[in-house]
Every structure is written in structure tokens, then in C-alpha cells.
Amino acid sequence: MEQFDVIIIGIGQAGNPLASVLASEGYHTAVVEQTHPGGSCINYGCTPTKIMVASASVSYMAKKADEVGIHVNDVQTNFQSLKKRRDGIVRQWRDRIEKRMAETDNIELIMGEAGFIGKKQVQVTLNGSQKSRELTADQIFINVGTSPRIPAIEGLQEAPYYTSKTMMNLEELPEHLVILGGSYIGLEFGQMYARLGSKVTVLQEDRQLASREDEDVAEAIQKFLEEEGVDVLLEVDTKEVKKSSAGIDLTYQHQGQVKTINGSHLLIATGTTPNSPPLALEKTGVETSPQGYIEVNQYLETSQEGIFALGDCKGGPEFTHISYDDYRIVKDHLFGDKKRNMKDRMVPYTMFTKPELGRIGLSEKQARQQQIHYKIATMPMSHVARAIEANQTTGLLKVLVDPENGHILGAACLAEQGGELMAMLQIAMMGNLTYELLRDAIFAHPTYAEAFNNLFASLNDPAS
């Protein structure tokens, strides 16, 4: 049994910086990674998909160039060139992490699959080998993330399908991409591939896309996707998937009728599941939810003292920036004043369609469910001068305000630069600024931020 001060299992957006800070403090640190350092963000999430979104946006703007007085001939997607650029950047990030770990004292990177064999004892089956190592440490940090969840659909296991992870292995542009799931991942992929030239069909079991969002926001998303050629079917019950000569045949029920759709590729985007089962956590006494998410307190410590869980594997909001904040909480717990914790932290997020959906705080749906009184300000982007000038008028701004003190309760910014506009409102919430300050502020003209002047001038009480 090899003795370390610390074992970190999984090098995602929490485990990576945590390893560096622990090593700098003199802790002999074993870092165990099964596949590639960087977690989902670098390897098949944020980095590669946003690279592809950028390419898709260039293609889309080129095709629409006539609208702004520019003529472009014969826009085509060179998928191999796109893939080469994407994979090169991903590899650059991976190599940077591995190089830093190799050059950092007190860190040993061990490539293999980890599983507990005792309370604080970990066995690592080394990649490409029958050999294993047994490690122990007083403190263990789990950052193993999640994987795409595969629904129980007849025939699916025998049919070819892709997930957000395996889509990165595609060597060709799909002729007809069928996407099962109409939430954030499915919608980003759907618009991206439609803009690159694929026929795209999105099947959603709920009555709206992006089911956690307000209905008017979801309707606006569906509208611009359909305008770009994406077929959207709501309230769909998928019955069966079969392999076909062209790819897949998917049978579903919609509006009382059973139909079959033929596609060249099938993307499953129906949620995630934690990567905790292979860890054999039952041998440690660490408690998990029925779904397998690792239960933690507000400082991210599990039911066993000295064992922590960070990032998506603990459940809750599954975002890269939340995983990184988990690292900051643990760092403060170990070396700081222990004031940072998960309680009441803001959770911003952005869906990187075009236009983007930037979200912070309460939605109108949530405010109603919680019986919170609010006033609301809404404005279409077609009323924003900068959006008109840039030919980016799709979307809307929607902000909830506390009628008692004027503070912002939440916002949905479905707009060009929607994530940046949302961040401005988040800063206002962090500083307890009132909507009047944004309404009356002097913003540079013409900017998207200037829209807040007119947006908050339209504030009203939805109950009136």
C-alpha cells in the first residue's frame, strides 16, 4: 500500500487546480485519471463544442451575407478541416495540463481506473496493463464527473447512436442528424450541425424545449431554430430504434399517431448520470443518492471525514464554473478562513446557441411556483439599436424585479452576447443594485448594454 498525503480521483475543472495548490503546499499528491486530463469541459464539452459553434456561426453568417450587402459564393463545410482545428486545440489543453503536472514537485499522475478497496484505500488498474497499484491517503478528493445517460428504449443498444462525448469522433458531417432530447446540449448540437449543413430533427418528450425555462423563452428558441431549418417535435414518446442501411429508423408516437423517422445519425441528449458506481463507494461508507450522486455537506465533504466530492459527480448544477468554484470552496476549507461554501451561491449559465441564452437567478416560472411577488421587464431584441445595426435582432430580454426594493431577482437574456448581458445583471445582483440605476445609467452608444435603459423603462406588474 503506497502512502500519499492526498489522492485526487479525476482531473476535471476542480481536480486540476486543486492538485496544483496541494502540491504547492507540500502535499505528496497522487492524481488518478482514467482517460484524459481536463474532464468533460476540455475533452468533449465546452472547448470542442464552442470551437464548432464558432465555425457554424461563420458558415451561417456567410450564407446570410446578402442581407448586409455582401455576396459570398458557394459556402461549404470542410468537416475534416474543422475537426483538425478542434482536435488540435483540445490536444493543446490536454498537453498543457500533463506537462504542468509532470514538471510540478509533489504530483504523481497515474493513468488508470480507480476503485475503493477500503475506507481510504484506492486500487488503480493501470491503463494498458494487467497491473494495479494500491494507494492510501488521509484525504481523498473525488472529481469523476458524469456521463451521458442512455434511456431504456427498445432496440437502442443494438442500434448505432452517439452521445455528446462520442460525437467528437465523427469523421463526416451527418446527412440527417436525429437528436433525442430538446434541452441545452441537444439544442446546441442541433443548431450547430444545421448551420454546418446537416438536416436536423429534434425530438422532445416535454411540451416545450428547454423545459426548465419560461414558456415564452422556449417558444422564442424554437422559433429561431425552425427558421434555420431545424425540425422540432414536442411531446414525443420514442418507442423503438432500429439499425438501417442508411443509419437508424426511430419509431415514435406524436399527437396520437405512430410514425417512423429515418436518420443517418442519432444523438442521445437526454441527461447525465454520475460516474461514481465503478468507485465502489460502498466500501468507504460514503453515502450517495438513489441516482448515484455523491452526497456532500456545504463544504463538499462526504459522510466520511476526509473524503470530498467536487464537480458534477456530487449532483446539483452541472457546469464547469460550478466545478471550479467547488475547488475554491475546498481550497478555502483547507487553507483559508472556511467562509466559502455552497449555500446560496449564484448559479449563472449560458446555452451557446446563436443567439445565446444567458440565465441568472429566478425565472418567472420559478417565481410563480415559490409565490414570490415580482415585476417584469421584457423587450425584443428587434428594439435594440445595436442589434438592428448588426443584423442580430433575434431573441428577447426578460428581467424579474423585486417590487419592494427594486433589486433584480433573475434574468433571461436570449440575445447576441446574451451571456455577457446576463453577467452584467449578475454583477448588479451581487452588488444589490436597483433596476433604477441600470435604467438611468449612461452606457456607451451603440452597445447591447444600452438596451437596459429602455428595458427597465418598460417595467410592469404582470398581475395588474
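The model is predicted. It holds 25 salt bridges and two cavities of 30 Å³ or more. Glu-188, which is paired with Lys-50, is among the residues that line the second largest cavity.

**Helix H10**

- Helix H10 spans residues 418-430, a run of 13 residues.
- From its first C-alpha to its last, H10 reaches 18 Å, which is close to the 18 Å expected at 1.5 Å a residue.
- The buried residues in H10 are Gly-418, Gly-419, Leu-421, Met-422, Leu-425, Gln-426, Ala-428 and Met-429.
- An α-helix has 3.6 residues a turn, so residues three or four places apart point the same way.
- Strands contribute to the cover over the buried residues of H10, including E16 (349-351), E17 (356-361), E19 (396-401) and E20 (408-415).
- Helices H11 (435-440) and H12 (451-457) are also included in that cover.
- Just after H10, Asn-432 adopts a positive phi of about 55°.

- Glu-188 and Lys-50 form a salt bridge in which the closest N and O atoms are 3.0 Å apart.
- Because Glu-188 belongs to helix H5 (residues 184-196) and Lys-50 to helix H3 (residues 46-63), this pair ties together parts that are 138 residues apart in sequence.
- Glu-188 has a relative accessibility of 12% and therefore counts as buried, the limit being under 20%.
- Lys-50, at 26% relative accessibility, counts as partly exposed.
- Asp-214 lies in the loop between strand E8 (199-203) and helix H6 (215-227), and Lys-398 lies in strand E19, so the pair ties together parts that are 184 residues apart in sequence.
- Both Asp-214 and Lys-398 are buried.

- Glu-103 and Lys-99 meet through their side chains in a salt bridge of 2.8 Å, N to O.
- These two residues are four apart in helix H4 (residues 79-103), so about one helical turn separates Glu-103 from Lys-99.
- Glu-103 and Lys-99 are both exposed.
- A network of salt bridges links Lys-314, Asp-325, Asp-326, Arg-328, Arg-340 and Arg-345.

**The largest cavity**

- The largest cavity contains about 50 Å³ of space.
- E20 provides the largest share, three residues.
- The lining of the largest cavity comprises five nonpolar, two polar and five charged residues.

**The second largest cavity**

- The volume of the second largest cavity is about 40 Å³.
- Val-53, Ala-56, Ser-57, Glu-188, Gln-191, Met-192, Arg-195, Phe-352, Thr-353 and Lys-354 line the second largest cavity.
- Helices H3 and H5, which carry Lys-50 and Glu-188 respectively, each supply at least two residues of this lining.
- The largest share, four residues, comes from H5.
- By class, the lining of the second largest cavity has four nonpolar, three polar and three charged residues.

**The second largest pocket**

- About 410 Å³ of space lies in the second largest pocket.
- This pocket is lined by 19 residues, of which Tyr-60, Glu-228, Pro-355, Gln-392 and Thr-394 are the closest to its centre.
- Helices H3 and H6 each contribute at least two residues to the lining of the second largest pocket.
- H6 gives the largest share of that lining, four residues.
- The lining residues of the second largest pocket divide into five nonpolar, six polar and eight charged.

How values were computed. Residues numbered from 1 in each chain as written. Predicted model: local features only at pLDDT ≥ 70, side-chain atom pairs only at ≥ 80, totals over all residues. Heavy atoms only, no water. Expected span 1.5 Å × (residues − 1). Buried < 20%, exposed > 50% of the residue type's maximum accessible area, 1.4 Å probe, protein only. Contact = heavy atoms within 4.5 Å. Salt bridge = Lys/Arg side-chain N within 4 Å of Asp/Glu carboxyl O. 1 Å grid on protein atoms, 1.4 Å probe; cavity = no way out; pocket = protein on both sides within 12 Å on 5 of 7 lines; lining within 4 Å. Points joined across faces, edges and corners; volume = space filled by probe spheres on them. Nonpolar A, V, L, I, M, F, W, Y, C, P; charged D, E, K, R; others polar.
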